[in-house]
Amino acid sequence: MSYYFSKILPSPFEEVVQHTIETLKLEGFGIITQIDVKETLRVKLNQEFRPYRILGACIPGLAYEALKLEDKIGTMLPCNVIVQDAGSGNTEVAAIDPVASMQAVANPQLLEKAKLVREKLKRVIDAL
């Protein structure tokens, strides 16, 4: 089982970042964190890296339900979606498969919530 699903788009990086954020919002996700990996590595390590953004996506209601089921589940939240330069004018978007990550937690109710989130994330990737 793969731990993510992805899609490569023939579009510029920043355009794909914005489109991804907008598409996530249509599925009820909010972006609670954004990490510019390229900039962070440049500042912290003086290293160059390709454009790479980590979007911390969350559906507040489902996150709340998950936290009520497992108080340590916050260690696995939010759902990360990455956007990275794939070269030759292409950009890749990849999202965590929450079902794969939640298998570490033996809670069938939590697995059902993860399945809902997976379907939403798959719809986002498919819609890009």
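Tutor: Helices (H or I, at least four residues) and strands (E, at least two) are DSSP runs, numbered from the N terminus. This is a predicted model, in which local features need pLDDT of at least 70, side-chain atom pairs count only at pLDDT 80 or more, and totals for chains, interfaces and linings use all residues. Residues are numbered from 1 along each chain as its sequence is written, and side-chain values use heavy atoms, with hydrogens and water left out.

Most residues other than glycine have a negative phi, and most peptide bonds are trans. Start with asparagine 46, in the loop that links α2 (37–45) to β3 (52–58). Its phi is positive, about 55°, although asparagine 46 is not a glycine. Its relative accessibility is 65%, so asparagine 46 counts as exposed (over 50%; buried is under 20%, partly exposed in between, with a 1.4 Å probe and protein chains only).

Further along, the loop between α3 (60–69) and β4 (79–87) holds proline 78. Here the peptide bond from leucine 77 to proline 78 is cis, with omega about -5°.

Serine 88 is not a glycine either, yet has a positive phi of about 55°. With 77% relative accessibility, serine 88 therefore counts as exposed.
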